[in-house]
Amino acid sequence: MNTKVTIAGVEFQNPIMEASGTFGSGMEYGEFVDLNRLGAVVTKGVANVPWPGNPTPRIAEVSSGMLNAIGLQNPGVEVFCNRDLKFLENYKDTRVLVNVCGHSAEEYIEVVDRLADESRVDMLEINISCPNVKEGGIAFGQDPKAVEEITRLVKKHAKQPIVMKLSPNVTDIKVMAKAAEAGGADAISLINTLTGMKIDVERQNFVLANKTGGMSGPAVHPIAVRMVYECANAVNIPIIGMGGVSTWEDAVEMMLAGATAVSVGTANFFNPTATVDILDGMIDYMKRKKIDNITDIVGIVK
Amino acid sequence: MKVKETAQIVASDKLAENIYSMLLATTASQYAVPGQFINIYCNDGSKILPRPISICEIDKELGTLRVVYRVVGKGTAEFSNLKPGDTVEILGPLGNGFPLEEGKAIVVGGGIGVPPMLELAKELTGDVTAVLGYRTDDLFLADNFIDAAAEVVFATDDGSVGVHGTVVDAMKENDLRADVIYACGPKPMLKGVAEYADSIGAKCYVSMEERMACGVGACLGCVCQSKEVDNHSHVNNKRVCKDGPVFLSTEVVL
């Protein structure tokens with residue numbers, strides 16, 4: 001039985017990763033999960049310099065989901081390389097995807113250049129879809145021309161393969177997927193969070209200081225499956241599927257819809273061992289269904 | 001050491017209007033210190049986030065943790081309906097807890113900030129005065145504090161018991177002195193307590209509160225503003241769940 005998947009020449013021991021921003025760089029969840037069992041650790045977004053993020057409250061619960069408006073708080077690429085990448089040296093079986101964020105094309109490039117010679121970095125995930133920062137982030141991800149341009153620019157500088165992370169907050173995500181492919185993306189990942197809002201009826205005010213936040217959790221899963229399916233039928237590059245994946249069934253569903261790998265995000269918050277539980281469930285499914293290679297199920301539901 | 005496990009409810013009682021006590025059998029009790037909290041997960045899967053609830057009492061011998069919490073929404077309402085023998089998923093203990101210092105101490109709790117001060121009052125070895133603030137004369141846990149502390153001072157919003165006013169008013173009125181003050185309660189109260197501590201030359205630890213998601217320091221949802229650049233993100237944001245919830249009053253912006 002073979003759980004290996006390959007994306008842009010990078011081999012992953014299995015298709016289960018965690019979604020950027022829900023897992024730090026693995027240090028905290030390393031207490032509950034053997035990071036060496038994961039297909040990859042996908043780091044929280046890293047910028048050129050430290051970002052303080054948004055004011056609090058940054059978190060709100062909604063039915064079967066949550067809103068967050070962290071605003072990409074991060075220590076900047078220098079601290080990240082010296083601390084987080086060093087920490088990840090201890091987990092050689094897992095691949096490392098570094099999520100890159102910026103307010104401008106120049107800021108993305110600065111991070112990409114700094115990471116170019118870091119051997120622990122297997123792939124870059126370019127965040128053009130964060131709904132919680134005013135400049136950069138989603139501003140690049142809602143216009144196909146901008147998606148193509150930033151992809152082309154990053155691709156020119158990057159020494160590692162690049163994955164463009166797409167926003168669901170668009171009229172037609174296929175258009176963005178095609179734009180990323182046209183710009184030279186090695187893969188795409190989707191979905192980032194859906195922009196939402198929650199109002200406290202007693203206080204008659206917004207729950208989040210940022211007013212809006214990105215919605216994630218089990219409630220968004222069917223939307224994510226639909227979007228992965230649409231993109232899989234629109235582009236020829238691999239897809240990392242995510243959005244509300246909480247059980248092994250959710251992960252298998254993503255792969256049947258066309259994802260080569262699957263990220264687990266918000267589920268980590270309600271089950272710290274969600275990633276490995278999902279992996280175990282997927283392996284049992286393969287045994288039961290007599291699936292020799294996990295790649296055999298990718299996109300078979302047409 | 002943090003434990004993720006299914007905990008059995010040993011006792012569940014109503015203490016006052018919307019205030020409930022729950023005794024949990026859990027191995028997390030073996031690692032807990034005063035001022036830490038546990039994440040309790042709802043059995044109703046549509047409420048996905050854990051509820052971070054402070055530890056009120058620790059019994060290592062019996063292997064139990066007691067939490068006392070206010071019902072503020074559907075999640076805590078679910079907990080209040082649990083009966084002995086029922087189970088809940090928990091993760092903990094989380095956070096840093098109060099450092100146990102030598103000398104004369106004042107423990108200050110306001111409202112639902114009262115419960116975490118009980119285990120602290122029990123474990124402090126020096127002379128302890130408890131200053132407890134309530135809305136009304138519904139003085140939950142007061143008897144426990146009378147057993148645990150040398151002196152207990154009350155403040156109520158409606159003036160029905162003790163000093164009519166805040167815990168800070170009560171400290172001033174009683175001219176309380178100490179080497180160290182520990183406080184948990186709403187932010188304006190913590191600010192007032194920190195100022196009082198400063199005025200009498202006492203060290204002051206405050207337990208902060210913020211909306212949380214993961215509870216383990218990964219998501220950066222629950223930060224508070226710190227005066228110095230923090231070690232994690234190198235900005236001025238400390239993680240309440242991981243770097244705290246207990247901070248020196250001089251470390252954070254109140």
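A residue counts as buried if 20 or more other C-beta atoms lie within 10 Å of its own, as exposed if 12 or fewer do, and as partly exposed in between, with C-beta atoms placed from the backbone. By that rule, buried residues make up 60% of the 302 residues in chain A.

Before we go on, a word about what you are looking at. This is a predicted model, in which local features need pLDDT of at least 70 and side-chain atom pairs count only at pLDDT 80 or more, while totals for chains, interfaces and linings use all residues. Residues are numbered from 1 along each chain as its sequence is written, and chains are lettered from A and ligands numbered from 1 in the order in which they are written.

**Chain A as a whole**

The C-alpha atoms of chain A fill a box of roughly 55 × 45 × 40 Å along the principal axes. Chain A has nine helices and 16 strands. Helices (H or I, at least four residues) and strands (E, at least two) are DSSP runs, numbered from the N terminus.

**Where the chains meet**

Two residues are in contact if their C-beta atoms, placed from the backbone, lie within 7 Å. Chain B brings 27 residues to its contact with chain A, and chain A brings 33.

**Domains of chain B**

| Domain of chain B | Residues |
|---|---|
| domain 1 | 3-94 |
| domain 2 | 98-206 |
| domain 3 | 208-254 |

How many residues of domain 2 of chain B are in contact with domain 3 of chain B? Nine are, and they meet six residues of domain 3 of chain B. On the domain 2 side, α5 (187-199) and β12 (203-207) of chain B each supply at least two residues, and α5(B) gives the most, with five. The centres of these two domains, taken over C-alpha atoms, are 23 Å apart.

**A covered helix**

Helix α2 (residues 116-123) of chain B is mostly covered, with six of its eight residues buried. Those buried are Pro116(B), Met117(B), Leu118(B), Glu119(B), Leu120(B) and Ala121(B). Their cover includes β7 (105-110), β8 (128-134) and α3 (142-148) of chain B. Strand β12 of chain B is also part of that cover.

Definitions and conventions:
Domains from an automatic or database assignment.
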